[in-house]
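Here is a short briefing on one protein. Keep the sequence and the 3D view open as you read.

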Amino acid sequence: MVKEEKTNSKRAIITVLGADRVGIIAGVTTVLAKLGINILDISQTIMSNIFTMIMLVDLEKAIKPIHEIIDELESEGKKLNVQVRLQLEEIFKTMHRI
């Protein structure tokens with residue numbers, strides 16, 4: 001049996017990518033609010049009708065485990081026709097060390 005990772009005291013990077021359309025930010029941030037996830041920093045831009053957004057979020061008060069958060073974000077992404085990915089900050093930093 002795999003031990004479930006707790007989300008306490010964790011931060012994560014969320015990326016959103018897809019064709020620009022109305023409601024992307026609202027859809028993703030509504031899911032985060034519903035799950036008790038605070039956005040610490042956010043950057044978004046549109047490049048040639050391609051929507052891109054990167055968020056640093058705090059998972060400390062999340063009401064669900066990480067795998068359920070990922071599932072809900074991916075499900076919302078499918079509804080919005082965008083890719084939504086979540087990666088723990090610690091893993092992100094480890095992967096991008098030189």
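The points below go from the overall fold to one helix, the core and the surface.

This is a predicted model. The protein has three helices and four strands. Along the sequence they follow the pattern β-α-β-β-α-β-α.

**Overall picture**
- Of the protein's 98 residues, 35% count as buried.
- Take the contacts with a separation of 6 or more: residues 24 or more positions apart account for 70% of them.
- The protein exposes about 6500 Å². Carbon and sulfur atoms supply 54% of that area.

- Helix H1 covers residues 24-34.
- Its buried residues are Ile24, Gly27, Val28, Val31 and Leu32.
- These residues lie on the same side of H1, because they cover an arc of only 130° around the axis.
- An α-helix has 3.6 residues a turn, so residues three or four places apart point the same way.
- Thr30, Ala33 and Lys34 are exposed on the other side of H1.
- What covers the buried residues of H1? The cover includes strands E1 (11-19), E2 (38-47), E3 (50-58) and E4 (82-88), along with helix H2 (66-80).
- After H1 comes Gly36, with a positive phi near 75°.

**The nonpolar core**
- The largest nonpolar core has 23 residues.
- Which of its residues touch the most other members? They are Ile14, Val16, Val28 and Leu73.
- E1, H1, E3, H2 and E4 each give two or more residues to this core.
- In soluble globular proteins, nonpolar side chains tend to be buried together.

**Asn49, Ile50 and the surface**
- Asn49 sits in the loop between E2 and E3.
- Asn49 is partly exposed, and its relative accessible area is 48%.
- Asn49 and Ala19 are 30 residues apart in sequence, yet their C-alpha atoms are 6.0 Å apart in space.
- Beyond its neighbours within four places in sequence, Asn49 is in contact with Gly18, Ala19 and Asp20.
- Ile50 belongs to strand E3.
- Is Ile50 buried or partly exposed? Ile50 is partly exposed, because its relative accessible area is 35%.
- Together with Leu17 and Met47, Ile50 makes a nonpolar surface patch of about 260 Å².

Terms used: Residues are numbered from 1 along each chain as its sequence is written. This is a predicted model: local features need pLDDT of at least 70, side-chain atom pairs count only at pLDDT 80 or more; totals for chains, interfaces and linings use all residues. Side-chain values use heavy atoms; hydrogens and water are left out. Buried means under 20% relative accessible area, exposed over 50%, partly exposed in between (1.4 Å probe, protein chains only). The arc is that of the directions from the helix axis to the C-beta atoms. Contact means heavy atoms within 4.5 Å. A nonpolar core is a set of buried Ala, Val, Leu, Ile, Met, Phe, Trp, Tyr and Cys residues joined through side-chain atoms within 4.5 Å. Patches are made of residues with over 30% relative accessible area and no salt bridge: like charges are joined within 9 Å, nonpolar side chains (Val, Leu, Ile, Met, Phe, Trp, Tyr) within 5 Å. Accessible areas come from the Shrake-Rupley method with a 1.4 Å probe; for residues, only the protein chains shown count as cover. A salt bridge is a side-chain nitrogen of Lys or Arg within 4 Å of a carboxyl oxygen of Asp or Glu.
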